Amino acid sequence: MIKWVRRFIWTAVLILALTALAACGTDNNAADNGVVQSANTGADAAVSSMPADAVSSTPAEAPTRTVAGEFGDVEIPVNPQRIAGIYVEDYLKALGITPVVQWYHPSWGKQDYLNLDVPEFDVSGSIEALLEKDPDLIILDGGADAAKVEQYSKIAPTYRLPERVLQDSRQMLTAIADALGVPEKAEVALAEYDQKVADGKAKLQQALGQEKVAVIRLNVADKTFALFGVKNRYTGVIYDQFGLTPIPMAAEMTDYQAIISEEVIPELEADHIIVFPDHGGWDTAENQEAIQVLGGPLWKNLPAVKKGNIYKMERSHWQSGAITANSMKLDDLLEAMVK
């Protein structure tokens, strides 16, 4: 009996000891796990609070999209913030976008009619001047060849508009808006423009009928004139969109313009003559000598002049074929020709 009791006691003691050891091991494991978990949580918190470029040695690249330019596909930012539109600032403004610079040339000036409050970029100088403006996208029109596009591409991704859209300001606006991912803005702008053109065209045709119109630029330096033909990118719009009738010489021209002398002016047989200087304004000091030719006897005897149908326009928007400039041309014509 006593032997059995002792065996029972020792068995109980052994069970208690094993239970205690198991409990101790469990507590140690739990303690160990708690330390690891705490350390990991701290490490995770530290990583999550670090800048992204500190977590990875390779910073994440901004998303891009592919557009088809004149000289091949171009990868451009999905949402560009600093755009340099060389000679396409008019279209950017129509889309509600302010460029980081404005095109400028010492011999031609800039597109003053846009009233942009941005630095000038002298296109006759070094392209590297664009570096300090830090553009994330450059858009070029037809004035840039493949070599020039390659140079600009060293500054930022460069999209050169396809040649097929350059003759139509509406297509140019659409192409730029599509490249920037804002086609809806072009649709709104074009709807307003088309309605304005339709209304203006009706008024001009009622006022002029089939009377013939000539557009002439006074080249100040050599006192010659440039007659603009129906295919001219700057002024062809007054014929193919506004419905005015060109003089025969302009209608037959295959070139954008033809240099003519003062003596040829009477042969144009124009009922209406639109004229503007090639640089500066009508009140610019260096233009005054050349402008005097318009007051000479030859001009005074022109039927258009005698009827008061010569219109001195400002050259800034008349030497641009962009969408805003064309809208301003229509305003000029309605004010001058519709009584």
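Setting aside neighbours within four places in sequence, Arg217 is in contact (heavy atoms within 4.5 Å) with Trp108, Thr224, Phe225, Ala226, Phe228, Gln257, Phe276, Pro277, Asp278 and Gln319. The model is predicted, so local features need pLDDT of at least 70 and side-chain atom pairs count only at pLDDT 80 or more, while totals for chains, interfaces and linings use all residues. Residues are numbered from 1 along each chain as its sequence is written, and side-chain values use heavy atoms, with hydrogens and water left out.

Arg217 lies in strand β8 (residues 212-219); strands (E, at least two residues) and helices (H or I, at least four) are DSSP runs, numbered from the N terminus. Arg217 is buried but has no salt bridge, and Asp278, the nearest side chain of opposite charge, is 5.1 Å away. Here buried means under 20% relative accessible area, exposed over 50% and partly exposed in between, with a 1.4 Å probe and protein chains only. A salt bridge requires a side-chain nitrogen of Lys or Arg within 4 Å of a carboxyl oxygen of Asp or Glu. For charge, Lys and Arg count as positive and Asp and Glu as negative, with His and the chain ends not counted. The side chain of Arg217 does have a partner in Gln319, through a polar contact of 3.1 Å. Such a contact is a pair of N or O atoms within 3.5 Å; within protein, one must be able to donate a hydrogen and the other to accept it, and residues adjacent in sequence count only if both atoms are side-chain atoms.

Turning to the aromatic rings, 5 pairs were found. Rings of Phe, Tyr and Trp (its six-membered ring) pair if their centres lie within 6.5 Å, and planes under 30 degrees apart count as stacked, over 60 as edge-to-face and the rest as tilted. With centres 5.7 Å apart and planes at 40°, Phe225 and Trp299 form a tilted pair. Phe276 belongs to strand β12 (residues 272-277) and Trp318 to helix α12 (residues 315-318), 42 residues apart. Phe276 is buried at a relative accessible area of 0%, and Trp318 is likewise buried at 0%. Ring pairs gather Phe228, Tyr234, Phe276 and Trp318 into a cluster.
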